[in-house]
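Visitor: I have a protein model open and I am new to this. Could you show me how to read it, one feature at a time?

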Number of protein chains: 2
Amino acid sequence: MDGASRQAPQRAREDGPARRDPEGVRRDILAAAGAVFAEKGLSGARIDEIAARTRTSKRMIYYYFGDKEGLYRACLEAAYEQVRRGEEELDLAGLPPETALARLVAFTFDHHRRHPDFIRMVMVENIHDARHLRGAASARSLNRPAIDRLRDILERGRRAGVFRPDIDPLELHWLISALAVFNVSNRATFSTLFGDALFDEAGQARLRERAVEMVLALVRIPQEHR
Amino acid sequence: MDGASRQAPQRAREDGPARRDPEGVRRDILAAAGAVFAEKGLSGARIDEIAARTRTSKRMIYYYFGDKEGLYRACLEAAYEQVRRGEEELDLAGLPPETALARLVAFTFDHHRRHPDFIRMVMVENIHDARHLRGAASARSLNRPAIDRLRDILERGRRAGVFRPDIDPLELHWLISALAVFNVSNRATFSTLFGDALFDEAGQARLRERAVEMVLALVRIPQEHR
DNA sequence: GACGGAATGTACGAAACGGTTCAAACATGC
DNA sequence: GCATGTTTGAACCGTTTCGTACATTCCGTC
């Protein structure tokens, strides 16, 4: 073949001699499969279609991932990892609790909106009763920090006398997730039934604002009680 | 065709074989198909499995519904119809606006919880970008009353001076739906990642209470501004 | 410069699946 | 009771689809 494609193993040779580019092939497959699974679901996805969207062949899918479910599991874990890692960008340290919470809600809203394929994978997985996620121990530990972050904010707010003391961080996470996830997961049916006024830029900005207001209104101690 | 004189056949003989019963057969198929589609999705569902859960045969499915997609569409419409009809039970007339809104939120929360198969159908449909729902004109008209009900409550609250005037009923419906739907649609992944403390009876009662608080806190004019 | 294991391409098999054929059984109008 | 169109069951058909067998290429090492 040509010599140009040969220099592919461009990664610095750390421990192993990267011959052809197994890691790259894996990533390539994972990206293609992730897109197709998100679009069509587990049973709706066709291995041949995934292979076609790849720079490599169907044979490689089975070589690296065993079977369709193995590939799906790998996609699921990769999706969680990518999205949760993206959340680490958010730095709330030093902000006053109310500002921190407002920023967290707004960020979560936008973050989910930026990752519709992740949301679709989660929906697909819920259709399957989270059967595949259950095996992934990584996912559990990957998600715990979200709760910790909230607990911290709530605690700081409580100490500052601006937040109610009876709000459970897990409940709050549930509430915030509900808004941020629903916005993406049910966009198609919602806009079909009620029009898409809520889903253009202005509408989304308003919804995000409402979400922030709503969470803060729940958590705050009303002025007259302070 | 005549509507009245045709429904005779299955009536009298309860335990007899009721040979000809088109309407009954249709309902039977729809029920079985609804369950399977909700469980496995459109592409995951197997016509043979649906047929097996039926008192009749695969042949009848094609006789009555044409093909798999036709059957799916019929299930989708039936699901929306059944659930929206169930919402008509709720009577809020005469209640003060705050009470009415609180009751509406609590009812919506419980109602969705009682109909997980409907939620699953909606999820499946969202995976398909609402392609099949788009054709169903009935669904659109079926859902409009939900907005009207909210508009009415908001308007009454505004006139009574207890609700903010800048809340759009559509936005509010979005918010309420997000909480009620997410609670069912993402239960599997959420409880896998964070435990199922929120999903036993006590947990669900707490979540419902939070949802009510949250919506009311958003819509109310704060005491000190009245 | 041949060896051996890892990586890749090709082509195919077996089962699953959606959908159809054919004819028999049936209710109902005449 | 008979003719007629409707309703049903069982076997069947052509494709699609997952997965694999086998051949081949690549590359570090001896």
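Guide: Start with the aromatic rings. Ring pairs join Phe109(A), Phe182(A), Phe190(A), Phe194(A), Phe199(A) and Trp174(B) into a cluster. Keep in mind that this is a predicted model.

Visitor: How many aromatic pairs are there over all chains?

Guide: The count comes to 16. One of them is Tyr80(B) with Phe118(B), an edge-to-face pair. Planes over 60 degrees apart count as edge-to-face.

Visitor: Which helices hold Tyr80(B) and Phe118(B)?

Guide: Tyr80(B) sits in helix α4 of chain B, residues 68–87, and Phe118(B) in helix α6 of chain B. They are 38 residues apart, so to speak of the pair is to speak of a link between distant parts of the chain.

Visitor: Are Tyr80(B) and Phe118(B) buried or exposed?

Guide: Both are buried. Buried means under 20% relative accessible area.

Visitor: Now α6(B). What length should this helix have, and what does the model show?

Guide: Take 1.5 Å a residue. The 12 residues of α6(B), 116–127, should then span 16 Å. The end C-alpha atoms are 17 Å apart, which agrees.

Visitor: How do residues point along an α-helix?

Guide: There are 3.6 residues a turn, so residues three or four places apart point the same way.

Visitor: How many residues of α6(B) are buried?

Guide: 10 of the 12 are buried, so the helix is largely enclosed by the rest of the structure. Among them are Phe118(B), Arg120(B), Glu125(B) and Ile127(B).

Visitor: What follows α6(B)?

Guide: Asp129(B) follows, and its phi is positive, near 55°. This residue is not a glycine. Look for Asp129(B) in the loop between α6 and α7 of chain B. Asp129(B) is partly exposed, with a relative accessible area of 41%.

Visitor: What is the phi of Ala130(A)?

Guide: It is positive too, about 60°, and Ala130(A) is not a glycine. Ala130(A) lies in the loop between α6 and α7 of chain A. Ala130(A) is buried, with a relative accessible area of 0%.

Visitor: Let me step back. How many helices and strands does chain A have?

Guide: Chain A has 11 helices and zero strands.

Visitor: What share of chain A is buried?

Guide: Of its 226 residues, 52% count as buried. Chain A exposes about 11,100 Å², and carbon and sulfur atoms supply 50% of that. Now count the contacts in chain A with a separation of 6 or more. Residues 24 or more positions apart account for 67% of them.

Visitor: What rotation superposes chain A on chain B?

Guide: A rotation of 180°, with 0.0 Å of shift along its axis, does it (RMSD 0.1 Å). The two copies are thus related as by a two-fold rotation axis. The same surface serves both copies, as 100% of the contact residues of chain A recur in chain B.

Visitor: Which residues is Arg164(B) in contact with?

Guide: First place it: Arg164(B) lies in the loop between α8 and α9 of chain B. Leave aside its neighbours within four places in sequence. Its contacts then include Arg210(A) and Glu213(A), and also Leu218(B) and Val219(B). The Arg164(B) side chain reaches the backbone oxygen of Leu218(B) at 3.2 Å.

Methods: Residues are numbered from 1 along each chain as its sequence is written. Chains are lettered from A and ligands numbered from 1 in the order in which they are written. This is a predicted model: local features need pLDDT of at least 70, side-chain atom pairs count only at pLDDT 80 or more; totals for chains, interfaces and linings use all residues. Side-chain values use heavy atoms; hydrogens and water are left out. Helices (H or I, at least four residues) and strands (E, at least two) are DSSP runs, numbered from the N terminus. The expected span of a helix is 1.5 Å times one less than its number of residues. Buried means under 20% relative accessible area, exposed over 50%, partly exposed in between (1.4 Å probe, protein chains only). Copies are superposed by least squares on the C-alpha atoms of residues with pLDDT of at least 70 in both. Contact means heavy atoms within 4.5 Å. A polar contact is a pair of N or O atoms within 3.5 Å; within protein, one must be able to donate a hydrogen and the other to accept it, and residues adjacent in sequence count only if both atoms are side-chain atoms. Rings of Phe, Tyr and Trp (its six-membered ring) pair if their centres lie within 6.5 Å; planes under 30 degrees apart count as stacked, over 60 as edge-to-face and the rest as tilted. Accessible areas come from the Shrake-Rupley method with a 1.4 Å probe; for residues, only the protein chains shown count as cover.
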